[in-house]
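Let's take a walk through this one, starting with a single residue and widening the view from there. Have the viewer open and follow along.

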Amino acid sequence: MLLTGESQRHVERIRALLAGFEIEVYAGARRHVPEAVLGEARQKLDAFGADTIVALGGGSAIGLGKALRLEREVRFIAIPTTYAGSEMTNMYGTTAGGTKTTGRNPKVRPDAVIHDVELTLGMPKGLTVTSLMNALAHPIGTLGTGSLQGEAREQAFDAIGILYGAIEALVRAPDDRRARAGALRGAALAARSLESGTPGLHHKLAHRLGGRFDLDHSGLHSVLLPHSIHRLRAEAPDLVAEIERRLAVPDLEASLFDFLVRAGAGVSLRALGVTFDGLRGLLAEASSSDLPRDLLSAAFHGRRPSVGTRFEDWGLPELVSVTGARLEDARRVVVCVHGRGAAADGILGRAVEIVGNDPTVCVVSPQAPDNVWYSAKYTSPRAEIGPQLVAALDQVATVLRIATERSAPERVVMFGFSQGACLAIELLLRGSRPAALVALSGGIIGPPDERPRPGAGLAGTPVLLGAQEEDPWNTRARIEETAQVLAGAGCAVTVEMLPGNAHALHGRHRILARQILSGKPATSPTGGYGNVHETETLPGALPRDRNSPRHPAYGLTPEQINGTGFVAPRQGNRRTWMYRIRPSAQQGPFVPLPHATLKSDFADQPPEPNLVGWNPQPLPAATTPTDFVDGLATVGGAGSPRLRRGFAVHVYAANRGMEERCFTDADGDLLILPETGGLTLMTELGVLEVTPGQIAVLPRGLRFSVLLRGPTARGYVAEAFGRHFELPERGPIGANGLAEARHFRAPAAWHEDRLSLGYRITAKLGGEIFEAVQDYSPFDVVAWHGNHCPYVYDLASFSPAGNTRLDHVDPSVHTVLSAPLDEAGSHTLDLVVFPPRWDVTEGTFRPPYFHRNVTTEINGIIRDTVSAGSPFVPGGLFVTPSLTPHGVMASSVERHLALDEAHANRPQRSPDSSLWFQFETALPFSLSAWARGAGHRVADWPLVWGAYRKHFWVPGSG
């Protein structure tokens, strides 16, 4: 008889292998072997008269097979499809009346066990990790009782190492066959440990809870295991230290908890189906030693145990989580309040991330009973919210008071999210007066006539409020109303509303909150284009005597990025060493990603010989979320990134930030010129702000995200495939003028140790777009040094040079950056800027002269005062191909020729409201298909210049 559970995906394969045998399938196996299931299977076994039981599946099927084997004389074959390891032991269990009974008997051991990697390949990632943690609990639990000695003890450590390695591998790549083979081997070893030793408290809890609440066995083991290890750390610190030493893992319980998060598995008893009242009922029936309340309460709420977290009794219904420096010694104390349905240690972890793991900061977080502070909406009348609000405010106020008493008022700040933000705002209004407040996705509680009057002493208190515009739990109006009340009380309020509809902590908020919560001023970017920069977020993170030490500070990983070949001349060699929390090689595989408007290979495209122009690119509709990458569209270019020769010009239009996505361009350096809307660039090397009138240079291969500082953003992007952008030589201009290297600002290091499931890495290589997924933020670089780095430059700092007597100056004298070609005097791409400046020539036709230039010119407008009917508007773009005749508009020619001599020679100042730019290239320009057919292309662009009038006249010639 073939035993299986609800999942029967392998049954037909087994039937085919057992062709010629009579087979009866029983698919009713259930976890914990309920008595009713055992009776039904027993009856079916007897009726069919099977002489062999084949248990196919996980612990449910194999556990049922064991129970039947205990009662009947039949052969028993086990084919596990999970990693519980039950098939290797003489242990069994059955459940009746909510109580699980376990025992040992050699008879229940299978006659044969078949381990087949193929049968495990379809396991979901969550089940894979929970099943492996079920197996991992066996050797850890038995080692904890001290019941293993000698060889058995070493085998238990071996099993731990194999299983931990399998979890690491399979949480990243569930299809890794070698890791799955190792998982089966490790599970078998772990089962032997369980059979050889005495299970400890962990297993007793698992069987007690599983029988009482009918919980998934592997899910229950995995939820309990981090908490069991945390308890074991206090009872047997040397054992936990030995396990961590062998694994080279500094925080075992936190690492296992994070594996569950990364696998998308449940991390709480609540998620498994246990209710708050159900757990309280169970705890009321038992002694504290039999069922440790602290452990089970932490497991119920999904709190994250860690070697660095202290669970302290502050007289509240639940223990308070404290991490970082001692309260008495901390430079800064952050009191965190979590939101609805969350756990204290979740927001505690977010605060640690936001302050950049600063060891001088203490973070404190209370836990709401049943993960909810109050059940009603925060906009409800206070009578409707009821006593829960009173109790919640009392608990948080108690934590704030104790933190202040043990530290100092000026050191204590508050951080709340969602429901926690509402409570923090309420306490501030009632006069609790933390030194600062970050309250995100929350607002004032209750209707206007029930709000407390702001207390005294709030003047100057920094407050950060914000959410996304379409947050389902908040409204802009409510947040702005909250800001008005707090500002009226004298608080220094910052409101940061972002486009989107996600109820989460967003990139801009995390950046702004760091300075407020940490109490440290933001580190200023460093100056100097092409300089070797060095920066760190934690003291001593940057090694001084070598680039790749064997044991870097803080357990960081050294990683180099090269923008040039290893043997490039020193003057032009680009490379940066990063010291990061996780190697970027941890990402998943790249797969092709279609992109309708982004193109970069023009090798087979004909050049465009005519003058062409476009109106500003339309902004995306509010109903179409579009980030920077989605909103990129290629206008045209030359050459091919696969040959490392050429360039591309793109435009972008976006209405969303890249919250859980980054972009990296392996094809070339990027030059971004915003036209509408400021951008926050989160890069691996730090954060940069760039606004219209500034430019950002992002070197080849560096990962970055573009966050919006307003509802929409639009601008231009140049991409150089070959040599990097350089500052142009000044030549006869002399030592000064044009762009100063010191005005280019490189970022200071800024890191976050943040898990992010499904984080997308979009990459461009060889003109094609690819995407990979990982489960953590790529912005985890704690320190770096090098010269392959991004820059921001304010074009207002540009010092233009020009003619001061005769003729119109060539635009090349306004070059800001240049990406050279190998041919002397020619360039892949130059950025030329036309800033406000004086024109002082005399006797000269001052507008740009008529011209046929070997250089292709691509012109854009950042800002200008536009007269009615003018085709030259900010956001527009037009191209003058190589050696195509061109000049200024016919009306401009006539207007200048009509001036009298005095006016024509008068010095002229171009207005501050005007900022144009030009990309110049020695290469021909090919249009993309998108640009040729774009709806905002100006169809009659050559005609907008007008008809040039003939002025030729020879007096007396007739």
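Isoleucine 114 counts as partly exposed because its relative accessibility is 41%; buried means under 20% relative accessible area, exposed over 50%, and partly exposed in between, using a 1.4 Å probe and protein chains only. You'll find isoleucine 114 in the loop between β7 (112–113) and α4 (125–144). Helices (H or I, at least four residues) and strands (E, at least two) are DSSP runs, numbered from the N terminus. Leaving aside residues up to four places away in sequence, isoleucine 114 touches Ile77, Ala78, Ile79 and Pro80, where contact means heavy atoms within 4.5 Å. For a sense of span, isoleucine 114 and tyrosine 716 are 602 residues apart in sequence, and their C-alpha atoms are 61 Å apart in space.

Some ground rules before going on. This is a predicted model, in which local features need pLDDT of at least 70 and side-chain atom pairs count only at pLDDT 80 or more, while totals for chains, interfaces and linings use all residues. Residues are numbered from 1 along each chain as its sequence is written, and side-chain values use heavy atoms, with hydrogens and water left out.

Now zoom out. The protein has 958 residues, and 56% of them are buried. Its secondary structure comes to 23 helices and 43 strands, and the C-alpha atoms fill a box of roughly 130 × 75 × 55 Å along the principal axes. Take the contacts between residues at least 6 apart in sequence: 76% of those join residues at least 24 apart. As for charge, there are 94 positive and 99 negative side chains, and the centres of the two sets lie 2 Å apart. Lys and Arg count as positive and Asp and Glu as negative, with His and the chain ends not counted; each charge is placed at NZ of Lys, CZ of Arg, CG of Asp or CD of Glu.

Next, a helix pair. Helix α7 (residues 201–213) and helix α8 (residues 217–235) pack at an angle of about 145°, with their axes 9 Å apart. Those axes are lines fitted to C-alpha atoms, for helices over the stretch in contact, and angles run from 0 to 180 degrees between N-to-C directions. Leucine 220 sits in α8 and is buried because its relative accessible area is 0%. Beyond residues up to four places away in sequence, leucine 220 touches Ala206, Leu209, Gly210, Leu215, Leu269 and Leu272. Across the α7–α8 contact, Ala206, Leu209 and Gly210 are among the α7 residues involved, and Leu220 is one of those in α8.

Glutamate 496 belongs to strand β15 (residues 492–498), and among the residues it touches are Leu464, Arg508 and His509. Leucine 464 is 32 residues from glutamate 496 in sequence and 7.6 Å from it in space, C-alpha to C-alpha.

Most residues other than glycine have a negative phi. Arginine 433, however, has a positive phi near 55°, and leucine 883 has a positive one near 60°. Arginine 433 is in the loop between α17 (419–429) and β13 (437–440), while leucine 883 lies in the loop between β40 (877–880) and α20 (890–897).
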